[in-house]
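Hi everyone, thanks for coming along. Let me put the structure up on the screen so that we can walk through it together.

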Amino acid sequence: MERITPKQVEDWRRKRVSYLERMILGNLSKLQFILQTLRKFAREQDLKPSETVYKSWGKGSKQQLRFSKSGSPYVEKLYATHYVKK
């Protein structure tokens with residue numbers, strides 16, 4: 001959807017930014033709507049949700065990365081869920 005570049009994702013993965021939403025272009029409310037719509041579509045298509053844990057890259061201990069400024073478990077789960085065939 002061209003809301004973020006691979007370089008920005010790498011910066012997030014290397015802990016150069018504290019949460020991914022900080023890098024995303026556009027309205028975050030619209031993005032939340034898109035994520036919720038994707039979740040609904042996946043259910044309608046009988047896809048299985050698969051939550052992925054994103055850990056930091058680089059030296060030192062690997063930390064779980066945050067997607068959102070709020071850190072809300074619901075929002076974090078929306079970002080971290082992939083949908084796969086059953």
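I'll go through the pockets, then the salt bridges, then the aromatic rings.

Before that, a word on what you are looking at. This is a predicted model, in which local features need pLDDT of at least 70 and side-chain atom pairs count only at pLDDT 80 or more, while totals for chains, interfaces and linings use all residues. Residues are numbered from 1 along each chain as its sequence is written, and side-chain values use heavy atoms, with hydrogens and water left out.

Let's start with the pockets. On a 1 Å grid over the protein atoms alone, a pocket is an open set of points where a 1.4 Å probe fits, with protein on both sides within 12 Å along at least five of seven lines, and a lining residue has an atom within 4 Å of a point. Volume here is the space filled by probe spheres set on the points, which are joined across faces, edges and corners.

The largest pocket comes to about 460 Å³. It has 18 lining residues, and those closest to its centre are Ile4, Ile24, Leu31, Leu35 and Tyr79. Helix 1 (6-13), helix 2 (28-44), helix 3 (73-80) and strand 2 (81-85) each give two or more residues to that lining.

By type, the lining of the largest pocket splits into 14 nonpolar, two polar and two charged residues. Nonpolar covers Ala, Val, Leu, Ile, Met, Phe, Trp, Tyr, Cys and Pro, charged covers Asp, Glu, Lys and Arg, and the others, Gly among them, are polar.

The second largest pocket holds about 170 Å³ of space. Among the residues lining it are Arg39, Arg43, Tyr74 and Tyr83. Here helix 3 gives the most, with three residues, and the lining divides into five nonpolar, one polar and three charged.

Now the salt bridges, meaning a side-chain nitrogen of Lys or Arg within 4 Å of a carboxyl oxygen of Asp or Glu. The count is four. In one of them, Lys7 meets Asp11 at 2.7 Å, N to O; both sit in helix 1, four residues apart, about one turn of the helix. Lys7 is partly exposed at 48% relative accessibility, whereas Asp11 is buried at 12%. The cut-offs are under 20% relative accessible area for buried, over 50% for exposed and partly exposed in between, using a 1.4 Å probe and protein chains only. Arg16 also bridges to Asp11, again 2.7 Å from N to O.

Last, the aromatic rings. Rings of Phe, Tyr and Trp (its six-membered ring) pair if their centres lie within 6.5 Å; planes under 30 degrees apart are stacked, over 60 edge-to-face, and the rest tilted. The whole structure has four such pairs. Trp12 and Phe67 have ring centres 5.0 Å apart and planes at 45°, so this pair is tilted. Phe67 is buried, with a relative accessible area of 6%. With Tyr79, the ring of Phe67 makes a stacked pair, with centres 5.2 Å apart and planes at 5°. To finish, Trp12, Tyr54, Phe67 and Tyr79 form one aromatic cluster.
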